[in-house]
Structure formats: structure tokens, C-alpha cells
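Walk me through the packing and pairing in this model. Start with a pair of helices, then take the sheets.

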Amino acid sequence: MAGTGAPAASRAADFPAPFDITPEERLIMGGSAPGPDRQLPVETTSFVDRRGELAAGRELLARARLVTLTGPGGVGKTRLAARLAAGLRRTFPDGVRFVPLSGLDDPALVPLAAADALDLPDRSARPPLDALVEQLKDRRLLLLVDNCEHLPTACAELAAALLHGTTGVRILATSRHRLGLTEEHLLEVRPLPVPDPDGDLSALEGSPALALFADRAAAVVPGFRLTAANRAAVARLCRRLDGLPLAIELAAVRMRVLDVDQLLDRLDDRYRLLTGGSPASLPRHQTLRAAVDWSHELCTGREQLVWARLSVLAGSFDLETAEAVCAATGGADGGEEERAAVRPHDVLDAVTGLVDKSVLSRESGPDGIRYRLLDTLRHYGLDRLRALPGEEPAARLRQRDWMLHRAAACERAWFGPGQRETVARLRADQDNIRTALDFSLTTRGERLAGLRLAGTLWFYWHACGAPREGRHWLDRALAANPEPTPERARGLWIAGLLAAATHALTAGLALARDAHLLAQDLDDAAETEHAEYVIGVITLFMDDLPTALRHFEASVARGPVPGQHLSLHGLNQVELACALGFLGEADRAVEVCEAARRMCERHGEEWVHSYVLRMLALAHTVCRDWPRAEHHARQALRLKIAVHDVIGIALTLDLLARTAVEQGTHERAAALLGAADRTWTAIDRDRWGSATLTSARRDSEARARAGLGPPEYRRAYERGAALDLARTVEYAVGDTTRPRRPTAGRRTNGRHRSTPSTPGVRLTRRESEVAELVAQGLANQQIADRLVIARRTAEGHVERVLRKLGFNKRSQIAAWVAAQR
């Protein structure tokens, strides 16, 4: 490079060597965008007293590492487990995480679901379960694994691996049946105790069943309460329902049109019909089914049909999804009310009715209200759907087509603003995406659509920390679709990219070359260019720098071809800069990065942009321009926390530690090394065995230790290691020399949060609340709903926050809040 006086080889040595820079940086595999809250489910109704079970559960978890809550459907296992786990948060320094399995059908995805819930990047070449154990071996946390009964073997393997491979992980499972491990301790969740209707009912402390009924009845009949006049009837009703919470809740909804005595009379009549005259002969395990049957019969025909069709949705869903799945004519029989046509505007009425009847639960989502069928009610709906000729395959086809439509819309919008919202939406739909893929790949005539869906989601698998799951689906889809189609060409290069991300370089290169040949045969210029990107990046990764340089120079010179995704064109520029930097041509690398940076800024893009900025920082290290390298690294870090790129954050922290050492700020370097090491434990504590990364880290430590002395180095290192990810980034992007220890903040839903603040800016309490909700991805209407204010008021608060902070888009508020926490 001109003006340095140093040979190119020595300058290139300052730029990380191709293989050892890490697979993730070379392949732009940078972690995951923010997903749904992986903490415990939010309670939307009051929790009825189960003090005995809570005490027993706490006692068991104090002495056992695996506790399974067992009991029949509808008894409240999930709710009890969530309340139990919430009360133990302070006991586990590394937190409590929730792994919902009700929407999962493939046993192979169980360890991946656990890793996703724990926010652990999925990049290791090891088997998923082995990688998970390695990442958790020094953690102290509680994992709540919910709905294990339909995947018992996979759940038992997960539990056994964590019990034997870690010392600080405890597991709280819910299942209708035990997992069968010798270490397992069982806590049977029984129905709520019901007092004798003819006994003393004056004391309600021992009557949680009655309290539950009263609470849910008051929700539909304001002012309802237990009185001396109705206690006996409520007790008889709860006894008839065997104290099952779900059955009691479904019955209480009918209080909108019936009083307690009428409710009891009609329930008794129904049970006599079912049991041939004696309601006492109805077995307890059939009580819930009978109660659900009764609730179903009280729905309108259209509500019944919508309930059945919605049951193909494995997870939560929004109204658009409900309309897409449910809006269709009836089945082949026709003529009956329940088989009548359902138009889109009918779906809203039916959904409203099902929410009112407690069939659907309502919850907040990333871009509005979402709904969910409880697992018991979903399986009931599936039984009803299968009884209607032709309905199940038609509903599943509509569900798959809607997921494909949504994925395509997200792909078109990916290189632009709103990437975090896009990923949050897809994560919220994750179970439904899996269901759509599984349906397509197991149904004759639908397999090509399955390959199309898996390929359309390339950016999700690639950018959002899910290469292993993406490859799982693509391997299945490619095996099911051997024909030479454009979908197969796309699937091959994506499979190659994801294989390389999990260290299968030879296999990845072979897949990419197959994709290239097929795309050329099909005369598909866009897929040819996409395959060339993968070939080039793996070539760069395999240390063939001259070939990689020629490859990316030609790709960038051609510019984007029609149909090529701009993200991949942007990555071509990043990889060209990377190759130039390795070869010591830092000036050219900076020039390429600046062009890519301008393109990202024009489109409001953040994911590729974060890599462009980090590549700029690396290029300036070649020139030994440490202040400029640090400036760009800090900019990169701001974007990486915004898109939750954990791997990119870890790499950038290492780089900032080096720039701090080079500038003589040894205390900052020590703190950054502590923070970097903590971040790397969630990925790979050995930094993938990378000689360059570990050598650079050792050099930074040696120089910082020499500059400070061992005692002061250790104190600064430990201060950095004590920071969580958000506070790590807050410190790293700031100008302070000493990291602040976490301070007590206000509590929100059981978690500590600091009120956002920054020098020179003061938000009001309400503005701080609004900023927090914006950072969670809530739209204005959702913010209004959460704070019980008008939408226009919420919009005004958002505008004031933007104005005060000097921002022009919501994503900047989210990044700012993350840095302030």
C-alpha cells in the first residue's frame, strides 16, 4: 500500500488470515436478528392459587435437576410451570428460558429449538446436542421445556445430555407422561380441589376452583362474585367438571347468557346423555372432552368451521393468517350451516366469537395482535376437521400457500428498512413455517412447493442464526425434488452456503458448483450469479486469495443482474474488500466498502451494512490507523446489536480490544477482553480453534496486562466479564474508560430494566415506556393497547421520542434503548 514503506505481505499479516478470521465473518453468517421473547409466557389472566404445588415444585428443584410436571390435558401444567419458574428467576444467574414444543413435530429440531430459546448461535460443526451442552457447561440457568409428551424420546435425550454434560443447568418439563430418566422427579399436577357443595363454603381460601370460576365469570359478567346464594351451585358445577381448570374456564364463559343454576342444569343434562343417565359414571379423563364438546356445540356453525380450520396452525397467528387459512367455501358435502362459505370478513367475526368463548387466546405480536389455540383445543379442532371430507388437506394447502406468500413478501423487502421487524414476524410464524414445510415435503404433488418455500427463506436461514435448521429442510426438499428446476438450482446454492456456515466446506463447494451448472443450463442469470457468490466466498474461505479476488472483481464489475438479490450483490462487495485487505490493498478495500456503504444507506439496510462497517475497520488496521479503525468498529457494533448479531459482536469486541491496546488504553482493553470472552462462551469459547483469533487475543491480553499490572488487569477484566450483552455494547460504543456495573432498574414483568437515559436527553416516564415498547417491535396500535391510551396519543409520544433523540426512524430508537439498558 502506497506510503507505508512496508511489504505487502507484512501489511496483509495485520489483516486476519482468510481461514482464521472465522467462518462467520468470511461467510457473512452473523448471528440472528431479534426474535420473540424467549422468557416465560406472559400471563393474560389471573393465576389461581396453587400454593401447595408451587411449594412442592420449589422444594424439588432445590434438590433435583430434572422435575417433570405431569397431569392430564387442561389441568394447568404450563401455567403452573411458568409461575414456578418466574418465582425462581433470582436463583439462576443466567436466567430462565422457555422452550415451547407444542408446534414442533420433528424430533431432530428439539435441540435446535432449545438453542433458539437460549439465544445461542447455531454455527458449530458438532452435532446440535453436543454443541448445546458445550455452550451451557458453565451456565446456571433453568430451562422450562413445555409439552414434551408428543416428542418423548427427543426430550429425554435433551434432558439426559444436559444433566450429564453440565453442572448448573436445571430442567423443568411439562408432559402428560414421564420422560423415564432415573434422575427425573415427578410432580403430579392434579385438578383443583373442589369443596363439598353441601359443606361449609364460607371460607374461600381452600377453594381455588371456585375462585377460578368467579374470576373468569366476572370477566364476562362484570360484578359477578361468589355469594352465599350461589356458592353451592358453583361448587356443584366445578365438581361436575372434575376441577379441571380449562373445563371450568370454558364453562364460565357461558355466564354471558346463563346464570349458574341454568349452566349446571344444562351441563347435567349433557352428561346424562353421554353416560346413559348417570353423570357420576363419566370417567375423569373424558370430562374435559365432554366440556369441550359442549363448548363446541354452543358455537355458531361458522365459528365451528373456523375453529376446525385454524387447528392446522401450529403456533400463534395474526388475523391475516386466519383469513388466509379460513376464508374458503365449505367441503364437498355443502348445504349445512357449518359447511357454509366463509368469506374474509366473516373470519374476524368468528375469531372474535372464539376469543369471547375462551377458545382462542389473544396475545401481542411483533406487528399487532396474534391469536393462539391452546394445545388441547387445537387437537380437538383437528379431530373435527378430519371428520369433514376434504377439509384438512384444503386447509393445510391454504396455510402453506399463505406462508409462501408471506416469505416471498419478506424476501422482496429484505434489503431495506424494517429488517428487524421482518425477522421478528418470521420468528413469530416459525412453527407455522415448519408445519407448511413438513406438509409440502410429505404430501404427493406438493414437494416442489416445499423446495420453493425453503429456498425463499434463504435470508432467514442465512442471516438469522438458523443455518442448521435451514439445511435440515433444504436437504429434505432437495432429496424430494431431483428434477432440474429453477427451485432446485436455488436450493443447491443455499444448501451450499449453509453447509459452509457449519464448516462443511467441501460439501458446500460441491453443492454450489452443482447449482451453478444447473442455473446455466436453465439460462437463469440470477441463480447463476447467486451460485457464483457462494463459490467465491468458499474459495476465499479456503485461502485461494488470487482466485477469490478475480472472482469478486468480476462479480462487482458486472453489477446486479436482473433478479439478483441486492443483499448478495452487497455481500459480493464485502467479500471483494475482504480479499483486497488480505492482500494488503487497504486503499482499494476502503473504496469498495464506501461504495457498499452508500448503497446500504440509500436502502436503509442494516445487516449487510454492519459487515461493511466492520470490513472498513479491518481495512484501517492494515494501515495501522487505529482511531479510524475504532470509529468504524463502534459504528458496526451499533448496527450489530440492533440486528442482534452475536457472532459479529464477539468478533468486533476482539477488534476493539486490539485498537484499545494499540492506543494505550489498557484498562479499556482489559474490560473489552472480559466482555468478549463472555460473549464468545455463547458461541464457541475456543473461538473455533482459530489460530489468528486466539493469537490476537493473547497478544492483546499480554500487552494490557503488562500496561496495567496483573491485579488491575484482573479487576478490569472481571468488570467487563460481568456485563450482559446490551451493557457490553453500551460500554464498547461509548467513550468511557470504565464499564458501569449493572444497576437496579425498574421491574417490568419480573425483569429489571433501566429507564433509557443519555447525556443531554431526558425522556419523561411515559416517553421512556414508549421507547421500550418501540424497542420490543410494537406498532403504534400495540403500544396504545399496552398502555391503555389512544392510538393518536401513542403516535404523538413516538414522534416526541424521535424528535428528542434526533432520530428519523423507529429502528434507531430500538438500537438506542438496547445501548441504554
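Helix 30 (residues 626–642) and helix 31 (residues 646–662) have axes that come within 9 Å and cross at roughly 155°. Axes here are lines fitted to C-alpha atoms, for helices over the stretch in contact, and angles run from 0 to 180 degrees between N-to-C directions. Helices (H or I, at least four residues) and strands (E, at least two) are DSSP runs, numbered from the N terminus. Helix 30 and helix 31 are therefore roughly antiparallel to each other, a label for angles over 145 degrees. Their crossing is left-handed: the near helix is turned anticlockwise from the far one by less than a right angle.

This is a predicted model; local features need pLDDT of at least 70, side-chain atom pairs count only at pLDDT 80 or more, and totals for chains, interfaces and linings use all residues. Residues are numbered from 1 along each chain as its sequence is written, and side-chain values use heavy atoms, with hydrogens and water left out.

Now the contact itself (heavy atoms within 4.5 Å). On the helix 30 side, the residues include Trp626, Ala633 and Leu637. On the helix 31 side, they include Ile649, Leu653 and Leu656. By class, the contact has nine nonpolar, three polar and five charged residues. Ala, Val, Leu, Ile, Met, Phe, Trp, Tyr, Cys and Pro count as nonpolar, Asp, Glu, Lys and Arg as charged, and the others, Gly among them, as polar.

Turn to the sheets. Two strands pair if DSSP finds at least two bridges between them. Three strands form an open antiparallel sheet in the order 6-8-7. Strand 6 (317–318) and strand 7 are the edges, each pairing on one side only. Six bridges join strand 7 (residues 360–365) to strand 8 (residues 368–373). These two strands form a hairpin with two residues between them. Serine 361 stands opposite arginine 372. On the other pairing, strand 6 and strand 8 share two bridges, with phenylalanine 317 opposite tyrosine 371.

Aspartate 429 sits in the loop between helix 18 (419–428) and helix 19 (430–442). Aspartate 429 is buried, at 1% relative accessible area; the cut-off for buried is under 20% (1.4 Å probe, protein chains only). Its contacts, not counting residues up to four places away in sequence, are Ser316, Arg370, Met403 and Arg406.

A second open sheet has five strands in the order 2-3-4-1-5, with parallel pairing. Its edges are strand 2 (96–100) and strand 5 (184–188). The twist averages 20° from one strand to the next. Five bridges join strand 2 to strand 3 (residues 141–146), and valine 99 has valine 145 as its bridge partner.

Definitions and conventions:
Angles under 35 degrees count as roughly parallel, over 145 as roughly antiparallel, 65 to 115 as roughly perpendicular and the rest as oblique. Buried means under 20% relative accessible area, exposed over 50%, partly exposed in between (1.4 Å probe, protein chains only).
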